[in-house]
Amino acid sequence: MPTTKPTIMKKLNKNFGRLKPVGIREFDYHASTIPGIVKLTLGEPDFNVPEPMKQAAIKSIKDNDSHYAPGNGTVALRKAIAHFMQDRYGLTYNPDNEIAVTVGATEGIYASLTTVINPGDEVLVATPTFPLYMAVTTLLGGNPVEIDTSADDFILTPTKLKQTLAAHPDAKALVLNYPSNPTGVTYTRDQIKALANAVKDTDLVVIADEIYSELVYNGTHTSIAEFIPGQTLVLNGASKSHAMTGYRVGFIAGPKELMGPVSAAHAMMVTAASDPAMAAATAGFATKEGKQATLKMKAAYQERRDFLVAALRKLGFTITTPNGAFYVFAKLPAQFGTDDIKFATDLAEKGKVAVIPGAYFGAGGQGHLRISYATSLANIKTAVNRIKEFIDEEN
Ligand SMILES: Cc1ncc(COP(=O)(O)O)c(C=O)c1O
């Protein structure tokens with residue numbers, strides 16, 4: 001095994017030293033070592049990939065579909081994505097030059113942020129949120145500006161945006177994620193329209209991570225791109241809608257001029273996504289079966305959400321109703337104060353239930369827990385019983 005030459009360690013990208021520790025994975029790793037623990041930590045569907053998508057991947061392999069695809073993804077998948085965006089959200093994107101298939105939304109986040117950021121640039125991020133935006137911004141030499149939305153039910157209001165811009169007038173981009181990881185909160189059509197109106201007067205590039213857009217329970221998802229398409233990059237993919245996290249297919253859609261550098265950055269990182277995975281995603285986005293598979297999973301998530309939210313409220317947690325994704329962001333009962341890391345650690349060690357401390361999701365997350373219901377109803381019921389016992393004992 002090689003040993004790293006010590007002197008070269010000082011020469012690496014210094015921005016690694018500015019990164020905050022990635023709490024989620026470490027916490028999950030620690031919790032996983034506790035025997036008999038029930039985990040409500042995961043941010044990925046517990047369902048298998050639906051059969052039509054699996055078959056499409058198998059067919060792609062059997063057909064020797066094994067060469068470099070076009071950088072922006074196969075024509076079939078880009079057409080399927082254009083259909084999906086039109087069918088679900090009324091958005092029109094040209095598959096020739098306004099859509100790039102990425103290796104998961106994760107790569108989409110990197111490709112879009114690297115398109116925008118020069119060292120020292122500020123990026124506004126509505127928090128609490130998926131911490132990757134802050135991490136990537138930092139690694140690229142930028143500075144994330146967290147906008148705490150907890151006082152507004154986790155919605156970024158036009159007023160809050162304007163206040164933030166007054167203090168950070170040169171910010172380059174605004175990152176929004178809705179339905180949200182970790183809060184499950186999503187924007188109504190009126191809320192997103194109002195925010196878009198406030199953004200319209202600025203030169204902010206909006207990076208809208210809408211990866212959970214197919215998992216909205218009451219009503220439907222409205223993309224911010226509907227109102228400000230000329231300054232929005234929409235990130236989405238098959239990971240959550242089609243339970244395909246391991247296949248690694250995401251996409252970015254945006255106006256042609258902006259998509260030029262985005263696609264160039266993407267190609268430098270990965271050349272193109274993998275052929276069988278893209279074949280599977282094509283079936284997911286283009287077919288009736290793909291749409292039905294999502295609806296079936298959504299119905300199961302909704303049943304779990306309804307149970308979990310009601311049960312946690314009974315135990316004294318305060319919850320802003322989550323209308324999307326598969327997370328509940330629960331504020332600790334008052335007697336436990338605001339130390340979510342201590343609560344989650346004790347709950348894991350004594351109560352044998354793993355959830356993620358809210359503080360890991362940025363400003364506004366402290367005092368909360370992210371509880372994922374991407375697990376069976378039976379697991380959720382066991383977890384709720386254990387949380388009740390834990391609270392009774394701690395009281
Ligand atoms: C908000 C958000 N964006 C992006 C991702 C990553 O998606 P993908 O697996 O497609 O890279 C996740 C995964 O949990 C997420 O919660």
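**Note on selected residues of the predicted model**

1. Leaving aside neighbours within four places in sequence, His-221 is in contact with Tyr-89, Tyr-178, Pro-179, Thr-186, Glu-210, Ser-213 and Val-216. The model is a predicted one. His-221 itself belongs to the loop between strand E6 (205-209) and strand E7 (232-237). Its relative accessibility is 7%, so His-221 counts as buried.

2. One of these contacts can be described further. The side chains of His-221 and Glu-210 are joined by a polar contact of 2.7 Å. His-221 can also be placed relative to Arg-189: the two are 32 residues apart in sequence, and their C-alpha atoms are 7.7 Å apart in space.

3. Tyr-178 and Pro-179, both in contact with His-221, are joined to each other by a cis peptide bond with omega near -15°. Pro-179 is in the loop between strand E5 (173-177) and helix H8 (189-200). A cis peptide bond also joins Thr-127 and Pro-128, with omega about 0°. Here the proline, Pro-128, lies in the loop between strand E3 (122-127) and helix H6 (132-139).

4. Tyr-89, another contact of His-221, takes part in an aromatic pair. The count of aromatic pairs comes to 17. In the pair of Phe-84 and Tyr-89, the ring centres are 5.7 Å apart and the planes are at 85°; because an angle over 60 degrees counts as edge-to-face, this pair is edge-to-face. Phe-84 and Tyr-89 are both buried.

5. Phe-317 and Phe-343 make up an aromatic pair that is also edge-to-face, at 6.2 Å centre to centre and with 90° between the planes. This pair links distant parts of the chain, the two residues being 26 apart. Phe-317 is in the loop between helix H11 (288-314) and strand E9 (318-319), while Phe-343 is in helix H12 (residues 340-351). Phe-317 has a relative accessibility of 4% and counts as buried; Phe-343 is buried too, with a relative accessible area of 4%.

6. A single aromatic cluster is formed by Phe-47, Tyr-212, Tyr-301, Phe-326 and Tyr-327. Elsewhere, the ring of Phe-307 has the charged end of Lys-381 over it, 5.4 Å from the ring centre.

7. Asp-275 lies in helix H10 (residues 275-286). Apart from neighbours within four places in sequence, Asp-275 is in contact with Ser-60, Asp-65, Ser-66, His-67 and Ala-69.

8. Asp-153 is not a glycine, yet its phi is about 55°. Asp-153 is in the loop between strand E4 (143-148) and helix H7 (158-167), and its relative accessible area of 47% makes it partly exposed. For Thr-271, also not a glycine, phi is near 65°. Thr-271 is in the loop between helix H9 (256-270) and H10; with 38% relative accessibility, Thr-271 counts as partly exposed.

Technical notes:
Residues are numbered from 1 along each chain as its sequence is written. This is a predicted model: local features need pLDDT of at least 70, side-chain atom pairs count only at pLDDT 80 or more; totals for chains, interfaces and linings use all residues. Side-chain values use heavy atoms; hydrogens and water are left out. Helices (H or I, at least four residues) and strands (E, at least two) are DSSP runs, numbered from the N terminus. Contact means heavy atoms within 4.5 Å. Buried means under 20% relative accessible area, exposed over 50%, partly exposed in between (1.4 Å probe, protein chains only). A polar contact is a pair of N or O atoms within 3.5 Å; within protein, one must be able to donate a hydrogen and the other to accept it, and residues adjacent in sequence count only if both atoms are side-chain atoms. Rings of Phe, Tyr and Trp (its six-membered ring) pair if their centres lie within 6.5 Å; planes under 30 degrees apart count as stacked, over 60 as edge-to-face and the rest as tilted. A charge sits over a ring if NZ of Lys or CZ of Arg is within 6 Å of the ring centre and within 35 degrees of the ring normal.
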